[in-house]
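Hi,

Here is the structure I promised to pass on.

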Amino acid sequence: MDDKQKVYVVDDDEGVRDGLSLLLATIGQPCELFESASDFLEAYNDEICGCLVLDIRMPRMTGLDLQEKLIAMGSKLPIIFITGHGDIPMAVEAMRRGAVDFIRKPFREHGLLERINEALDVDDTVRKQATDRKAVEERLAVLTERELEVFERVADGHMNKVIAADLGISERTVEVHRGQVMKKLGVRTLAQLVRIKIECELIMAD
Amino acid sequence: MKPSQQVRELAATVPGATTDELLHNLLANLAGLLGARRAYVTEVADGTARSIASWEDNRRGPVREYRINGTPCATVMQDGVQVVDCELADRYLLGESSIGFGCESFVGSPIVDHNGDRIGQLCVFGTNPLDDSEMAAALVSLAAVRVSAELEHRQHEAALERSEAYSRAIVATAAEGVLTVDANGRIESFNRAAEKMFGYLADEVIGKDVHVLIPERYRNAHSGYVDRFFTTGEASIIGSGREVSARHKDGTVFPIHLAASEVSLNGERCFAGIIRDVSAQKAAEESLKATERRFRAVFDQRLQLVAILSPTGIVLEANQRSLDFSGLEHGDVVGREFWSTPWWTHSQDLQHRMKDAIEAAAQGATLRFEVTKPRVDEELGILDFSIRPIMDKSGQVVFLLCESHDITEHKRAEEEARHHRERIAHVSRLSTLGEMAAGIAHEINQPLTAISLFAQAGKRLVDAGQFEKMDEVCFKLNEHALRAAEVVERMQSMARQGESRKEVVDCNDLIESAVRLAESEARIYDIQIEFSKGPDLPPVSVDGVQIQQVALNLLRNGMEAMIAANQRKGCPIRITTRLCDEEKIEVAVADCGGGVPESRIDKLFTPFSTTKKSGMGMGLSISQAIIRAHGGRIDFHNNDSCGARFWFTLPAAKKGSHSG
């Protein structure tokens, strides 16, 4: 779990906010409290990580309103909605829009903390994936167009001769490109090259 | 002149037209006959003589007044006829100022009245000695008798005249009509008052039959009375007066009081009647009787219980209804102290209250209160009792008037209506609570959620041995539990069914509570309730739950109107309290919804008329019933800008009202 992760609580009810913050404190989970959706929106930025525990009913800007705004801003912050009696239709709508979960008041301890943890894991994963993909993209970005074509075919296990015929270049030229790729990606063996290829495919496939 | 001749001459003295002339003629003749210089007729009283007639030196003399002491006149008064034939001055030593100074002879004779008393004298003074003193004495005596007779006659006449003048004046100016009737029934006299009463002038009726003054149908009876009187001497009205009918000239019959007396004159009987017109008196009596009858009619009517008391509280009168109510007799209450009559003996408390009320009323106060007392059928009756003072012109309290209405049935009907209203109000409240269930559940869930969170945190702290924060945790747990309980309590009081209880409460507190309940929904709808409390509101005496119900109803209606008009997202609904005037408080709810549509305005307060999908359409009609039952008014108007403003008024609690 990332140390920077925080639980962001947005609820208009002071009692609920206080209670949540105390409970989270007992498990050493840092949190930040917001009285209204607009307060949170003001404080929000790309760097924020963790999860959002959001009351679905609030005056002026509801939880759903805030969710919509965050999606529009490209936020990937996992949202757990707090719902009350009779809010199921709203909760269903929230899930459809990509909320990770909803919990009904009053909360059962395990339910709540487990779900918060799950949401934090989701956040973690999502952010890690985002980080990996970025690294892969950055790594491969050093290769030229021709070198990338060679890399993919080498990593797929094709012979130099086949690659040369495929690309319409000489076998010798393929070998030069291959050497450049190995050098640029910092690998010495074919096996290492293959692993990079698999990793890229895994990340890109997400 | 021979004596017989002299007497004849004297007797021939023509009686003058008046006594004065007659006396002077007599003195002149006498003086002539006796050759006297002076002659007087005097009245003598207390030793002083005063001339009534005087003859001096052949003509009328002045009035002489003198003391008779030492004069021959004194001898006359004492001894009777006196003659001094000569040397008068020597015998009586008359001074210069004396009446007979310088005279030689004197003849005097006393004048006597009908009782024989000497009241004066006739005296003659001569300047020569008398030739024939006996003759002179006889002549003077004769003249004195004549004078005596004349004077007495004159006195009688004067007395008669005076008495007649008196009676004429009395009769003429009498307020009573006076008439006299002769034995034949002819009117002899008819005074001015009688003229006025009967419309006849005296001349028109004098000499006519008295029957003209008697209505036709009584004429026979009158003749009968008169006949009987003459034949038997029995009189029905002679000497005593009585009321009879009389006839006016214009034919109208009017009541008179007639007092008749019989007068016998020269053996002839006649009647004098003194008549008083009693029309006015009669009319007054009649009107008094009519008033009395009216009073009786009012007094004995069937609806009210009435008693009249003396200012000290003694029962003077009680009407039949008041007796019937408790099955009492007149004698059970009249003459007794009001508070100790069987009317109030069922309750000592009431007896004290009545006593106090009487004291206050005797001081001029009017009191009114409700009392309960057993009726004759032993059911408990409720009376609307009042007592007020009746004052005379000077403002003195002369009676106390107690009135009571039997309002048992009225009260019962009112009670039933109230029960009915309460039942409907209760059903409506339950229905409202049902509609508000989501909001209320949310309202309760909030503190429960907080409690659950603090409890979970607390357990972890205990497990971890971190007790320092437990104090705060427990405090918070309690705080939120109480918060939840408050919501439940508010809801419970709204769900309460039971006797309407009026309490003296602060209107702002009441509305605050209703606002809290409404807020549970307002949060869901995302509407802001703004409550502005009027300052210095007097307390109101109300059934708190019912008034909250009305306020809640208006708030919810307003919110629904705003939702329908899509005015949410923190739009405010405003509820305000304020003092209208000394005696009224206004509570107003202004929303910013769509307002009341024209087509709905008339039916707004009608039961079962609703535009809402849910609800019974009872809210406003019940609100109206509740507010009216509290003596207030409820109404609304559409705002100029947006929405509607509903308001109701409540009368301020009267000072001194108690709760309960």
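This is a predicted model: local features need pLDDT of at least 70, side-chain atom pairs count only at pLDDT 80 or more; totals for chains, interfaces and linings use all residues.

Residues are numbered from 1 along each chain as its sequence is written, chains are lettered from A and ligands numbered from 1 in the order in which they are written, and side-chain values use heavy atoms, with hydrogens and water left out.

Domains. Chain A is assigned domain 1 (6-128) and domain 2 (142-205); the bounds come from an automatic or database domain assignment. Over C-alpha atoms, the centres of those two chain A domains are 45 Å apart. Chain B is assigned domain 1 (3-158), domain 2 (174-281), domain 3 (300-406) and domain 4 (465-651). Between the centres of domain 1 and domain 3 of chain B, there are 93 Å.

A helix pair in chain B. Helices here are DSSP runs (H or I, at least four residues), numbered from the N terminus. Look at α13 (residues 408-435) and α17 (residues 544-564) of chain B: their axes come within 11 Å and cross at roughly 45°. The axes are lines fitted to C-alpha atoms over the stretch in contact, with angles from 0 to 180 degrees between N-to-C directions. That angle makes α13(B) oblique to α17(B) (under 35 degrees is roughly parallel, over 145 roughly antiparallel, 65 to 115 roughly perpendicular, and the rest oblique). On the α13(B) side, the contact (heavy atoms within 4.5 Å) is made by residues including Glu422(B), Arg429(B) and Glu435(B). From α17(B), Gln549(B), Leu552(B) and Arg556(B) are among them.

Gln624(B) sits in helix α18 (residues 619-629) of chain B. Its relative accessibility is 15%, so Gln624(B) counts as buried (buried is under 20% relative accessible area, exposed over 50%, partly exposed in between, with a 1.4 Å probe and protein chains only). Leaving aside residues up to four places away in sequence, Gln624(B) touches Phe605(B) and Ile634(B).

Val334(B) is in the loop between α11 (330-333) and α12 (348-362) of chain B. At 29% relative accessibility, Val334(B) counts as partly exposed. With residues up to four places away in sequence not counted, Val334(B) touches Val315(B), Leu316(B), Glu317(B) and Ala318(B). Tyr40(B) lies 294 residues from Val334(B) in sequence and 86 Å from Val334(B) in space, C-alpha to C-alpha.

Cheers

Key:
Helices (H or I, at least four residues) and strands (E, at least two) are DSSP runs, numbered from the N terminus.
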